[in-house]
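Trainee: I would like to learn how to read a model feature by feature. Could you walk me through one?

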Amino acid sequence: AQVKQIDGPSFKLSYYNEYKSYLRKMAFRSLAVRSAALCRRALATEASSNTFPLTFASPYKAFFDEAQVKQIDVPTTTGHVGILPQHVPTIAVLLPGVVSVTTEAGDIQKFFISSGTATIHSDSSVQILAEEVCDVADIDASAARAGLDKAQSKLSSASSEEDKAAAQIEVDVYERMVSATA
């Protein structure tokens, strides 16, 4: 049996050219697959509705029960998040602040929440569960400012770390309430 020498320059050049050709084919296939997936995604998005179902409740009241809405804005631990149809599935911890809901008719309803969670499901449905909720219009701005002053006084006079932490939470909530009424 004859053994072919594979160390020569002609073999290396031939191998290199075949390898480049193989890489081009693989890159083209990968691009074609990704392009097809993007086209399918774009078509699915175009065909989808511009609304999605929202369930928004506290332990005491349901504000929306699978109501069709256009957009929701929520205050989370990572900043304010705007939710639209086809949003990536997410679970978020909500901070005290304003939740804005744009209804199917285009009206914007604003609610102040103390804390809670928002869950965005893969079918675009959204569930918001909040500890305490009130309509922003129901907040008494002068009472919120008075509460903030009192909370800041508590914070400055707190001696233990536990008292400081509790007072700081109170200050944060009142600051956001005052901001919501501005």
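Trainee: Let me start with a side chain: is K154 buried, partly exposed or exposed?

Mentor: Buried means under 20% relative accessible area, exposed means over 50%, and partly exposed lies in between (1.4 Å probe, protein chains only). At 38% relative accessibility, K154 is therefore partly exposed. Before we go on, keep in mind that this is a predicted model, where local features need pLDDT of at least 70, side-chain atom pairs count only at pLDDT 80 or more, and totals for chains, interfaces and linings use all residues. Residues are numbered from 1 along each chain as its sequence is written, and side-chain values use heavy atoms, with hydrogens and water left out.

Trainee: What is the average pLDDT of the chain?

Mentor: pLDDT is the predictor's confidence in each residue, from 0 to 100. The chain averages 82, and 74% of the residues score at least 70. Over residues 40-47 pLDDT stays under 50, and the model has one contact beyond four places in sequence for that stretch. Contact here means heavy atoms within 4.5 Å.

Trainee: How many helices and strands are there in the chain?

Mentor: Both are DSSP runs numbered from the N terminus: helices are H or I with at least four residues, strands are E with at least two. The chain has three helices and nine strands, in the order α-β-β-β-β-β-β-β-β-β-α-α.

Trainee: Back to K154: which side chain does K154 meet in a salt bridge?

Mentor: Here is the general idea: side chains of opposite charge can pair when their charged atoms come close. A salt bridge is a side-chain nitrogen of Lys or Arg within 4 Å of a carboxyl oxygen of Asp or Glu. The partner of K154 is E170, at 3.1 Å, N to O. This pair links distant parts of the chain, with E170 in helix α3 (residues 161-181) and K154 in helix α2 (residues 141-157), 16 residues apart. E170 is partly exposed too, with a relative accessible area of 23%.

Trainee: How many salt bridges does the structure hold?

Mentor: Two. E161 is exposed at 62% relative accessibility, while K164 is partly exposed at 34%.

Trainee: Now the aromatic rings. How is the pair of F56 and F111 arranged?

Mentor: A pair of aromatic rings is described by the distance of the centres and the angle of the planes. Rings of Phe, Tyr and Trp (its six-membered ring) pair if their centres lie within 6.5 Å; planes under 30 degrees apart count as stacked, over 60 as edge-to-face and the rest as tilted. The structure holds five such pairs. One of them joins F56 and F63 in a tilted arrangement, 5.4 Å centre to centre with 35 degrees between the planes. For F56 and F111, the centres are 5.3 Å apart and the planes stand at 85 degrees, so that pair is edge-to-face. It links distant parts of the chain: F56 belongs to strand β1 (residues 52-57) and F111 to strand β6 (residues 108-113), 55 residues apart.

Trainee: Are F56 and F111 buried or exposed?

Mentor: Both are buried, and F56 has 0% relative accessibility. F63, by contrast, is partly exposed at 22%. F56, F63, F64 and F111 form one aromatic cluster.

Trainee: Which residues touch the most other members of the largest nonpolar core?

Mentor: A nonpolar core is a set of buried Ala, Val, Leu, Ile, Met, Phe, Trp, Tyr and Cys residues joined through side-chain atoms within 4.5 Å. The largest one has 19 residues, and those touching the most other members are L54, F56, I72, V99, V101, V126 and I128. Strand β2 gives the most to this core, with four residues. A second, separate core of six residues includes F112, I139, M177 and A180.

Trainee: How do β2 and β3 pair?

Mentor: Two strands pair if DSSP finds at least two bridges between them. Five bridges join β2 to strand β3 (residues 79-83), and the two run antiparallel. For example, D73 has G82 in β3 as its bridge partner. The two strands form a hairpin with two residues between them.
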